[in-house]
Every structure is written in C-alpha cells, then in structure tokens.
Amino acid sequence: MKFYAPQSATTVGPYSHCVQCGDTYYLCGQVPFHPVSGEVVGDNIEAQAKQTLANLKEELDAAGLAVSDIAKTTVFLKNMSDFDGFNKVYAAFMGNHRPARVCVGVSEIAHGCLLEMDAVCWKKG
C-alpha cells in the first residue's frame, strides 16, 4: 500500500513517498523542500533540518503513523561539521523517542540540499 501526504512536494522521480509492507513502512528520503513551492527552505543546517523533519511528519501523518513509530532513520549530511546543529533539531523533533539511526557524510545531495533523511517505521496492524 502506498501513502501520499496531501501537503507533500511532488516527487521528482519514479518512487513513492511511503510504502507499507505488512507492519513495516518505508518512507522515502525527505529533503527541505517547501511543500507548496517545491523550493529548498533555508540556507543553514538548522533551517533545512526543521523543514526536512516537517516533511517527514507530513508523511507519517498521511500513513497514520506517529514519531514514536519510527524504528530507524538514515541521515545524509553534505558536511559532517553540521552534525551538532542537525542533532539539536533532530533531538527536539524526536522528544524522548530514540530510534536507531545511521548518519553519514556525502559529497552531494540533490538540489544543493544540506541533508536528506529517510525512515523505516513499524506499527502493528
């Protein structure tokens, strides 16, 4: 089953925003696109992280999921020196929830973004 958040930016490739396989949900990589204009929001890691996580929340909501259903995230940072700034925004978003996470530095992210993040969720049906 596929889910699409009504406020999501249009996908820029042949993929789904979220795909459910049994009790597991795979959310596509989120970047800091404004949901209406499709433009990159912010020019620093904190602003881009907030928008990326807001986009992730829209996808969670569309699939009937909560932040507490996130089992694992993968974070791609264009510059690992942004780790602390990203981590502060991420921690505030997650609250007391602590999913497993991978965070890697990469040389380039589409559209000049500073980060991209996906998530795997689990929710008993």
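Predicted model: local features only at pLDDT ≥ 70, side-chain atom pairs only at ≥ 80, totals over all residues.

Me: OK, in what order do the elements of the protein chain run from the N terminus on?

Reply: They go β-β-β-α-β-α-β-β. That's two helices and six strands in the protein chain.

Me: What radius of gyration does the protein chain have, against that of a compact globule?

Reply: The chain has 14 Å, which agrees with the value near 14 Å for a compact globule of 125 residues. The C-alpha atoms fill a box of roughly 40 × 30 × 20 Å along the principal axes.

Me: How much of the protein chain counts as buried?

Reply: 38% of the 125 residues. On the contact side, take the pairs with a separation of 6 or more: 70% of those contacts come from residues 24 or more positions apart.

Me: Which residues touch the most other members of the largest nonpolar core?

Reply: Leu27, Leu56, Leu60, Ile70 and Phe86, out of 23 residues in that core. The elements that give two or more residues to it are S3 (24-30), H1 (45-62), S4 (70-77), H2 (83-94) and S6 (115-122). H1 gives the most, with five residues.

Me: Let's zoom in on Phe86. Is Phe86 buried or exposed?

Reply: Phe86 counts as buried because its relative accessibility is 0%, and the cut-off for buried is under 20%. Leaving aside neighbours within four places in sequence, Phe86 is in contact with Ile45, Ala49, Val75, Leu77, Arg101, Leu115 and Met117.

Me: And which aromatic pair does Phe86 form?

Reply: Phe86 pairs with Tyr90, and the pair is tilted, at 5.4 Å centre to centre and 40° between the planes. The two are four residues apart in helix H2, so about one helical turn separates them. The count comes to one aromatic pair.

Me: What sits over the ring of Tyr90?

Reply: The charged end of Arg101, 4.5 Å from the ring centre. Tyr90 is buried too, with a relative accessible area of 7%.

Me: Switching topic: where is His17 placed?

Reply: In the loop between strand S1 (2-3) and strand S2 (18-21). His17 is buried, with a relative accessible area of 8%.

Me: Which side chain does a polar contact join to His17?

Reply: That of Glu59, with a polar contact of 3.0 Å between the two side chains.

Conventions
Residues numbered from 1 in each chain as written. Heavy atoms only, no water. Core = buried A, V, L, I, M, F, W, Y, C linked by side-chain atoms within 4.5 Å. Buried < 20%, exposed > 50% of the residue type's maximum accessible area, 1.4 Å probe, protein only. Contact = heavy atoms within 4.5 Å. Polar contact = N/O pair within 3.5 Å; in protein donor to acceptor, adjacent residues only side chain to side chain. Phe/Tyr/Trp six-rings, centres within 6.5 Å; stacked < 30°, edge-to-face > 60°. Lys NZ or Arg CZ within 6 Å of the ring centre and 35° of its normal. Rg over C-alpha atoms; globule rule 2.2 N^0.38 Å.
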